[in-house]
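Thanks for asking me to look this over with you. Please have a look at the structure first, and then follow my points one by one.

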Amino acid sequence: MPQAVEEYVVSGPESGPYAITTGPDGALWFTMVHSGRIGRLIPGQKPTSHQLDADSGPTVITAGPDGALWFTEYRAHRIGRITTSGQVTEFALPTAECGPFGIAAGPDGALWFTETAADRVGRLTTEGKVTEYALPRAGAFPSAIAAGQDAMWFTMNQANAIGRIGMDGTVTVHDLPTEAAAPVGIAVGRDGNVWFTEIAAGQIGRMAPDGRITEYPLPDRSARPHAVTTDTGDRPWFTEWGANRVGSIASDGTVSVHALPTPASEPHGIAVGPDGALWTALETGALARVAPTQAPTPAPAPAPAGNTTSTSTSTSTSTNNQRNGS
């Protein structure tokens, strides 16, 4: 049987809810990329929001180590911070027109973010000090970023690779087996597995702690998988932006997909909510809740497309809408 799915309207379709996270206050916080707002929802209550510059383009949002929420402003080329009471602080970045997109709190207590237009990964302390690290490949378009136990992992959308950056700034690049896969979303489980979406290939990838990459083709290869997260049991959940679904992968590789109630709702970001359910931001103006209360109905189980140890290169250098995606 399919999972129970509910939708909560949080804005008009012109606002574009995009990314979502759980805040330290037990609320869901989300970006509204088109209207320049940061939203907050406690299920059962009326949603609230806070206005930024209308053209700032808030994109990805994450809970910080300081009890606040941090987010990228893709069009304003800034990093923003908002307290749970709604006070906003914004930080300009050293590199002009850098296009910050992904952001996540690191194991070192700083915020790490990607600069899509500058081929860099940035580090921002909670006091506002910024350090930028250049990537070894030009035109890589670094996108989403996630924290591991001792490093950050990020997708390189146009380089067809995922990257690892250590706390000392050393970057390692892992090429993907499938050409032109265009990875976007990324998440790291507590078991050390790194999961990522291949939006152009219609696959979900997994890098094991030993460096081996496995790719899982989706039943619908045109589904455009966008974001991915892991639940409390380390099961990956992902959005199918092009197919209006949320999916998951079981430990045996079985892919299950769950249709959303509203047609063409454009699911983007996904996160585990304070209630343990999966929540996704729908660009058409709502948040959807997928309750993992029973075993999902499996879609036809595809065999992994490839299983290979990736090649990698390393470097260590520092200085002081998604391609193939949406």
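1. Five bridges hold β7 and β8 together, and the two strands run antiparallel. A strand here is a DSSP run of E with at least two residues, numbered from the N terminus, and two strands count as paired if DSSP finds at least two bridges between them. Strands of a sheet pair through backbone hydrogen bonds, either parallel or antiparallel.

2. Before going on, please keep in mind that this is a predicted model: local features need pLDDT of at least 70 and side-chain atom pairs count only at pLDDT 80 or more, while totals for chains, interfaces and linings use all residues. Residues are numbered from 1 along each chain as its sequence is written, and side-chain values use heavy atoms, with hydrogens and water left out.

3. Next, the inside. A nonpolar core is a set of buried Ala, Val, Leu, Ile, Met, Phe, Trp, Tyr and Cys residues joined through side-chain atoms within 4.5 Å. Buried means under 20% relative accessible area, exposed over 50%, and partly exposed in between, using a 1.4 Å probe and protein chains only. The largest core has 25 residues, and W70 and L124 touch the most other members. At least two residues each come from β2 (17-22), β6 (58-63), β7 (69-73), β8 (78-82), β10 (100-105) and β11 (111-115). β7 gives the largest share, three residues. There is also a second, separate core of 16 residues, and among its members are A104, Y133, A140 and A159.

4. Have a look at P183, which lies in strand β18 (residues 183-188). Is P183 buried or exposed? It is buried, because its relative accessible area is 0%. Beyond four places in sequence, P183 is in contact (heavy atoms within 4.5 Å) with residues including T155, M156, N157, L176 and F196. I204 is 21 residues away along the chain, and its C-alpha atom is 9.0 Å from that of P183.

5. A second open sheet has four strands in the order β22-β23-β24-β25, with antiparallel pairing. β22 (225-230) and β25 are the edge strands, each pairing on one side only. Neighbouring strands here are turned by 25 degrees against each other on average, direction ignored. Four bridges join β22 to β23 (residues 236-240), and T229 has W237 as its bridge partner in β23. Five bridges join β24 (residues 245-249) to β25 (residues 255-259), where V246 is partnered by H258. These last two strands form a hairpin with five residues between them, and G253 in the turn has a positive phi of about 90 degrees.

6. Another hairpin is made by β26 and β27, again with five residues between the strands; G276 in its turn has a positive phi of about 85 degrees. Four bridges join β26 to β27 (residues 278-282), running antiparallel, and P267 stands opposite L282. Strand β26 (residues 267-272) is mostly covered, with five of its six residues buried.

7. R289 sits in strand β28 (residues 286-291). Why does R289 count as buried? Because its relative accessibility is 19%. Its side chain makes a polar contact of 2.7 Å with that of D275. A polar contact is a pair of N or O atoms within 3.5 Å; within protein, one must be able to donate a hydrogen and the other to accept it, and residues adjacent in sequence count only if both atoms are side-chain atoms.

8. Finally, confidence. pLDDT is the predictor's confidence in each residue, from 0 to 100. The protein chain averages 91, and 88% of the residues score at least 70. Over residues 293-303, though, pLDDT stays under 50, and over residues 306-321 it is below 50. Where pLDDT is low, the predicted coordinates should not be read in detail.

Terms used: Axes fitted to C-alpha atoms, helices over the stretch in contact; angles between N-to-C directions.
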